[in-house]
Amino acid sequence: MREIGFEKIVETVSRLFIEANTELGEDVLDAIRKAKDMEESPTGKEVLAELLENARIAKEEQVPMCQDTGLAVVFVEMGQDVHIVGGHLYEAIQEGVRRGYRDGYLRKSACHPFTRANTGDNTPAIIHMELVPGDRLKIIAMPKGGGSENMSAVAMLTPSVGKPGIMDYVVKRVKEAGSNPCPPVIVGVGIGGTLEKAAILAKRALLRRLGSSNSDPELDQMERELLERINDLGIGPQGYGGRITALGVFIEMMPCHIASLPVAVNIQCHAARHKEAVL
Amino acid sequence: MGEILRLQTPLRDEDVEALRIGQKVLLSGVVYTARDAAHRRMMDLIEAGKPLPIDIKGQVIYYVGPAPAKPGRPIGSAGPTTSYRMDVYSPKLLELGLKGMIGKGKRSKEVIDALVRYKGVYFGATGGAGALLARSVLEAEVVAYEDLGPEAIRRLVVRDLPLIVVNDVLGQDLYEEGVKRYSRQPQA
């Protein structure tokens, strides 16, 4: 058994959320630069230039790139030979979120569903835990904003609609979202599993590096086709009209019930924030 | 691309009437922040016949819940939140004299009609550019509903806040016109 201390996890989670919120990934910056070259709409080009300038300011001044610093989503891959000492893993993650959002001057956006009273420290974090072989602990911090999350959905499609039906549904979802999720967006698609599994697959898909290919050739082809169809919608940067509505489409798939065809679409704005650490 | 127009709040009817969709604007002066919870409370006051905590005549409301200010700064990152959640409240506020709203995302038909009827404007600010937009904020002070935290009503003094006209007094919609121009899909 390899031991990892409670405080080490708290520090790591805190640091990851601050970094994720202030430093946009190189892959996203590259994708926006390329999009700016390809965009035909002058207003669209200006919006993309603003996003690049915004990312530069955020990093330089160590301030969040967006005021919506998200609900704190955390993916954990815990090696089965890891033993956490000094406290419970989940409590360490919650404490890390509390500390990161306080020390990083990040907005606290968690509230009671009915009264809307703010919990005050951005907890509870949303934790997706997986047990894996080995003696390492991988933590991925993913602050997820409300604007793009609100435009996301899960559908239990009829199996007969097949692949074309899935593709139509994804395009329709992005079209209906329109200007709301701050395009250009990244589209995470989860296919198969159950209701909740499809949604988690879609969210996990958003962790992929922009510009990377899907390892499954069929899904890779589907991603390319979907990206083209989405960019043909003409929504454009911020929805003001233009060529670039999405920077990427990522699909994850698994088997589903013989009666079902769950499809989840998780929309992510350009602030595709995720940082990871392996302890 | 047209000239960038400099505008000063409070806005007069003639300021708003001259604006057309797609126009770039640099806005200066006082703007008030309010989002879902603050709107709900203001609506409760209106329904109870009580005065609002701010005089909205000629004013502009910015839909933003800023990040906390770092020491020495007036405000943290401050980009727009999605506007449709305020759609149910906006026509009433426009009737009472509100002149402008700043946000992102499409407005309802009721809001667009109210902009025509009461002479108002809806501006878009770039969503996700909160660090950049915060640079235009010179002062920020909570003036109501402090308990709402990021959702409190703040009085901001802004200089050259970069905006674009999305809905104008003619009932035009930049989102619809923009998509029509660039869509490669058959129009429904």
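**A buried loop residue, helix packing and a chain contact**

A:Q238 is buried, with 33 other C-beta atoms within 10 Å. Here a residue is buried if 20 or more other C-beta atoms lie within 10 Å of its own, exposed if 12 or fewer, and partly exposed in between, with C-beta atoms placed from the backbone. A:Q238 sits in the loop between α8 (217-231) and β8 (246-256) of chain A. Its phi is near 65°, a positive value in a residue other than glycine.

The model is predicted: local features need pLDDT of at least 70, side-chain atom pairs count only at pLDDT 80 or more, and totals for chains, interfaces and linings use all residues. Residues are numbered from 1 along each chain as its sequence is written, while chains are lettered from A and ligands numbered from 1 in the order in which they are written.

A:N122 is buried, with 24 other C-beta atoms within 10 Å. A cis peptide bond joins A:T123 to A:P124, with omega about 0°. In chain B, a cis peptide bond links B:T9 and B:P10, with omega about -5°. B:P10 belongs to the loop between β1 (5-8) and α1 (13-17) of chain B.

Chain A contains eight helices and 10 strands. Helices (H or I, at least four residues) and strands (E, at least two) are DSSP runs, numbered from the N terminus. The radius of gyration of chain A is 19 Å, close to the 19 Å that the globule rule gives for 279 residues, so chain A is as compact as a globular protein of that length. This radius is taken over C-alpha atoms, and the rule is 2.2 Å times the number of residues to the power 0.38. The C-alpha trace spans about 55 × 50 × 40 Å along its principal axes. Buried residues account for 50% of the 279 residues in chain A. Of the contacts in chain A between residues at least 6 apart in sequence, 81% join residues at least 24 apart. Two residues are in contact if their C-beta atoms, placed from the backbone, lie within 7 Å.

Two helix pairs of chain A were examined. Helix α2 (residues 26-38) and helix α3 (residues 42-61) pack at about 155°, with axes 9 Å apart. That makes α2(A) roughly antiparallel to α3(A). Axes are lines fitted to C-alpha atoms, for helices over the stretch in contact, and angles run from 0 to 180 degrees between N-to-C directions. Angles under 35 degrees count as roughly parallel, over 145 as roughly antiparallel, 65 to 115 as roughly perpendicular and the rest as oblique. The α2(A)-α3(A) crossing is left-handed. A crossing is left-handed if the near helix is turned anticlockwise from the far one by less than a right angle, and right-handed if clockwise.

Helix α1 (residues 6-22) and helix α4 (residues 89-103) of chain A cross at roughly 40°, and their axes come within 7 Å. The two are therefore oblique to each other. Their crossing is right-handed.

Chain B gives 39 residues to its contact with chain A, and chain A gives 43. On the chain B side, α5 (130-134) and α6 (174-182) each give two or more residues. The largest share, seven residues, comes from α6(B).
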